[in-house]
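Colleague: Hi! Could you walk me through this one? I'm new to reading structures.

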Amino acid sequence: MSERSIFTNLVRQADGAYCAVYGPYLLQSALQPIFREHSDGRLQIAAFKGLIRASAGDMPTSPGEFFQSVPEDERAAVDGLCRSLHILNAGLIGRPDVALIMSVHSGLYRAPQAMRQEVEWLRLAAHEAGIAPERIVCEIRQLPGDDAEALALFADRLHEAGFSIAIDEYTGDDRDLARLERLKPQFVAFDTSWLQEFAENSAGLALLRVVIGQFADKNIQTIVGGIETPETMALCREMGGPLMQGFLLARPELAPTHFNTTFPDIGEDSPAAEQPAAPLSDAVAPVEHRVARAIRHFGRRGV
């Protein structure tokens, strides 16, 4: 896949959402809301997590299996294609104050040219979608063997272009503290198992409140994932109100989503009586399964 041809893989479905075709695979974008809870219990969408859904024919394929099938010299382009797909579909929702968090295969961006190309693709997709760069969040996961200095340089290039950074699986150890210093993230997602250990007693909860408060003082938003029970949600309130993501709150939906209906934009100061939050049982929508029909290519007149 050449640099100039990447966006020819993006097509528009009959329902308005964007998908992509790569070889025998259909790539679709699923978005899962990440919520902020108001003091009166209302849920406000603060961010979306972009999740790729790949299928060949009628057979779904895991993201890991799909990327393993991509030739090594095309993986950076396909990785960028997936993020462009998420950006375009998030733009269709029309929530300018909501962030979009997307994973980055960090090892693909060691060379300066690859970094520059990815930044340009992000700029183009963000402009087309009408999303401000600071709302585009690249989640950089550092894997064993990754060049820490190259990751830091990539994060610098993203920041210089106005984009935001997230790190995941945070546990507060020396390695994570070094990641914080190098990558300067705007979002930090806690490691779920580490969080559960600390949340088992009052001392651990008190420490988590301190950590979350320290992050907030640095304008870093914290995220707790895997919210599947009301008890976990209650623990989040005791921690000091981090952002929350999980099946209890909302499942991922293929674009175009129903989130504007199930979770209308209530605004930061809108009175609860004017726009009541939907009950959790009503708000959770099943993941949709649709066959995409290509209509028009991204970037062509009339899209």
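**A chat about the fold**

Modeller: Happy to! One thing to keep in mind from the start is that this is a predicted model.

Colleague: Where shall we begin?

Modeller: Let's begin with two helices. The crossing of helix α3 and helix α4 is right-handed.

Colleague: Which residues do α3 and α4 span, and at what angle do they cross?

Modeller: Helix α3 covers residues 112-129 and helix α4 covers residues 148-160. Their axes come within 10 Å and cross at roughly 35 degrees.

Colleague: Which residues make the contact?

Modeller: From α3 you have Met115, Glu118, Val119 and Leu122. From α4 come Ala150, Leu153, Phe154, Arg157 and Leu158. Sorted by class, the contact has 7 nonpolar residues, 2 charged ones and no polar ones.

Colleague: What else does Leu158 touch?

Modeller: Not counting residues up to four places away in sequence, Leu158 touches Val119, Leu122, Cys138, Ile140, Phe163 and Ile165. Leu158 is also among the residues with the most contacts inside the largest nonpolar core, along with Leu27, Phe66, Ile87 and Phe190.

Colleague: How many residues does that largest core have?

Modeller: It has 72 residues. Helix α2, residues 75-93, gives the largest share, with 8 residues. Another core lies apart from it, with 11 residues, including Ile34, Ala47, Ala99 and Val137.

Colleague: Okay, zooming out. How many helices and strands are there?

Modeller: The chain has 10 helices and 12 strands. Of its 303 residues, 49% are buried. And if you take contacts between residues at least 6 apart in sequence, 67% of them join residues at least 24 apart.

Colleague: Can we look at a charged residue? Is Glu139 buried or exposed?

Modeller: Glu139 counts as buried because its relative accessible area is 8%, and the cut-off for buried is under 20%. Glu139 sits in strand β7, residues 136-140.

Colleague: Which side chain does Glu139 make a polar contact with?

Modeller: That would be the side chain of Lys49, at 3.4 Å. Leaving aside neighbours within four places in sequence, Glu139 is in contact with Lys49, Ile101, Met102, Ser103, Val104, Ala166 and Asp168.

Colleague: And what about Ser164, where is it found?

Modeller: Ser164 is in strand β8. Ser164 is buried too, with a relative accessible area of 7%. A polar atom of its side chain lies 2.7 Å from the backbone oxygen of Glu134. Beyond residues up to four places away in sequence, Ser164 touches Pro133, Glu134, Ile136, Val137, Cys138 and Gln186.

Colleague: Let's switch to loops. Where does Ile131 lie?

Modeller: Ile131 is in the loop between α3 and β7. Its relative accessibility is 16%, so Ile131 counts as buried. Setting aside neighbours within four places in sequence, Ile131 is in contact with Ile87, Ala90, Gly91, Ala126 and Ile136. Ile131 and Val98 are 33 residues apart in sequence, and their C-alpha atoms are 9.2 Å apart in space.

Colleague: What is phi of Asn219 near?

Modeller: Phi of Asn219 is near 60 degrees, again a positive value in a residue other than glycine. Asn219 is in the loop between α7 (202-217) and β10 (221-224), and it is exposed, at 66% relative accessible area.

Colleague: Which peptide bond is cis?

Modeller: The one from Ala255 to Pro256, with omega near 0 degrees. Pro256 is found in the loop between β12 (253-254) and α9 (259-262).

Colleague: Last one! Is Glu65 buried or exposed?

Modeller: At 52% relative accessibility, Glu65 counts as exposed. Glu65 lies in helix α1, residues 63-69. Its C-alpha atom is separated by 9.3 Å from that of Ala54, 11 residues apart along the chain.

Definitions and conventions:
Residues are numbered from 1 along each chain as its sequence is written. This is a predicted model: local features need pLDDT of at least 70, side-chain atom pairs count only at pLDDT 80 or more; totals for chains, interfaces and linings use all residues. Side-chain values use heavy atoms; hydrogens and water are left out. A nonpolar core is a set of buried Ala, Val, Leu, Ile, Met, Phe, Trp, Tyr and Cys residues joined through side-chain atoms within 4.5 Å. Buried means under 20% relative accessible area, exposed over 50%, partly exposed in between (1.4 Å probe, protein chains only). Helices (H or I, at least four residues) and strands (E, at least two) are DSSP runs, numbered from the N terminus. Contact means heavy atoms within 4.5 Å. Axes are lines fitted to C-alpha atoms, for helices over the stretch in contact, and angles run from 0 to 180 degrees between N-to-C directions. A crossing is left-handed if the near helix is turned anticlockwise from the far one by less than a right angle, and right-handed if clockwise. Ala, Val, Leu, Ile, Met, Phe, Trp, Tyr, Cys and Pro count as nonpolar, Asp, Glu, Lys and Arg as charged, and the others, Gly among them, as polar. A polar contact is a pair of N or O atoms within 3.5 Å; within protein, one must be able to donate a hydrogen and the other to accept it, and residues adjacent in sequence count only if both atoms are side-chain atoms.
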